[in-house]
Amino acid sequence: MRVNITIFIAGDSTAAIKIPEKRPETGWGEAFQAYLSDTVILDNRAINGKSTKSFIKEGHLRAIEKSIKPGDYLIIQFGHNDQKLEDSERGTQPYGEYQQNLLKYVQVAQSVNAYPLLLTSVSRRNFTGTKIDEQSVGDYPRAMLEFAKHNNVPVLDIHKITREFLNEAGEEKSKDYFLHLAPGQSENYPDGITDNTHFNEKGAAIVAKLIAMEMKESNLSIKDFILNYPDN
């Protein structure tokens with residue numbers, strides 16, 4: 001009998017499970033289960049507003065350390081709140097504390113013979129002309145890629161594939177995937193909202209699919225647990 005493995009997600013609001021008061025905001029982690037085999041348990045520990053620093057400081061990485069077991073996976077995706085350098089509780093320098101923190105996550109997985117997997121930050125919908133600004137999440141995606149290479153840790157460049165998807169969709173169509181609501185359209189946002197970081201349900205499903213496809217097409221062992229690509 002095959003023993004179930006668990007895939008943990010450590011991350012921020014772009015991946016997190018949302019409370020009813022936040023809907024229709026949706027994290028890609030909520031849509032990711034659809035791409036996993038029935039031998040996989042998805043344990044989404046991503047939390048709104050967290051950076052690599054605050055997630056550790058508040059004990060969330062320690063909680064994962066108590067739960068993770070050999071053969072499990074730890075997906076690590078941050079950056080959006082690490083950007084907030086004016087906030088001493090969350091801000092980190094991309095080539096300094098951010099990389100140092102990434103090592104702590106990797107070591108938690110490796111210490112129990114689990115598999116760490118780094119994902120660069122999903123892109124914000126920040127257009128400059130007809131293209132997404134490659135610095136929409138600052139230097140954090142590049143810093144993660146450099147960290148992964150230096151430390152021989154698996155990484156998938158989700159910042160690149162989400163940016164390419166949004167570029168292909170174009171400035172107007174790409175609004176359909178984010179939390180863009182007119183006044184009166186949602187009880188949770190009576191005055192409307194224009195949010196180019198957080199996804200709606202459709203956007204979360206697309207991003208989950210892009211991540212699953214990237215995993216399936218990689219040479220990583222996690223690809224064995226990705227079943228298919230349901231239509232969105």
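Predicted model: local features only at pLDDT ≥ 70, side-chain atom pairs only at ≥ 80, totals over all residues.

User: Where in the fold is N81 found, and is N81 buried or exposed?

Analyst: N81 belongs to the loop between β3 and α4 (97–110). Its relative accessible area is 5%; the cut-off for a buried residue is under 20%, so N81 is buried.

User: Which residues is N81 in contact with, leaving aside its neighbours within four places in sequence?

Analyst: They are D12, G49, K50, S51, R90 and G91.

User: How should I read a sheet?

Analyst: Strands of a sheet pair through backbone hydrogen bonds, and the pairing is either parallel or antiparallel. Here, five strands form an open sheet in the order β2-β1-β3-β4-β7, and the pairing is parallel. At the edges stand β2 and β7 (155–156); each has a single partner strand, so one side of each lacks a neighbour in the sheet.

User: How many bridges join β4 to β7, and how many join β3 to β4?

Analyst: The parallel pair β4 and β7 has two bridges, with L119 opposite L156 in β7. The parallel pair β3 and β4 has four bridges, and there I76 stands opposite L118 in β4. Together with α4, the strands β3 and β4 make a right-handed β-α-β unit.

User: Why is β4 described as largely enclosed by the rest of the structure?

Analyst: The description follows from burial: four of the five residues of β4 are buried, so the strand is largely enclosed.

User: How does one read a nonpolar core?

Analyst: In soluble globular proteins, nonpolar side chains tend to be buried together. In this model the largest nonpolar core has 40 residues, of which I7, W28, F32, I75 and M215 touch the most other members. Elements that give two or more residues to this core include β1 (5–11), α1 (28–31), β3 (73–77) and α6 (158–169). The most comes from α7, with nine residues.

User: Which residues does F32 touch, not counting residues up to four places away in sequence?

Analyst: F32 touches L42, I75, A208, I211, A212, M215 and I226. Another core, of 23 residues, lies apart from the largest one, and its members include L61, I76, V106 and Y140.

User: What can be said of α7 as a helix, and what covers its buried residues?

Analyst: At 1.5 Å a residue, the 16 residues of α7 should span 22 Å, and the end C-alpha atoms are 22 Å apart, which agrees. The N-terminal end of α7 is capped by N200, whose side-chain oxygen lies 3.2 Å from the backbone nitrogen of K202. Among the buried residues of α7 are G203, A208, I211, A212 and M215. Their cover includes α1, β3, β4, β7, α6 and β9 (193–199).

How values were computed:
Residues numbered from 1 in each chain as written. Heavy atoms only, no water. Core = buried A, V, L, I, M, F, W, Y, C linked by side-chain atoms within 4.5 Å. Buried < 20%, exposed > 50% of the residue type's maximum accessible area, 1.4 Å probe, protein only. Contact = heavy atoms within 4.5 Å. Pairing = 2+ DSSP bridges. Right-handed = clockwise from strand over helix to strand, strands pointing away. Expected span 1.5 Å × (residues − 1). Polar contact = N/O pair within 3.5 Å; in protein donor to acceptor, adjacent residues only side chain to side chain.
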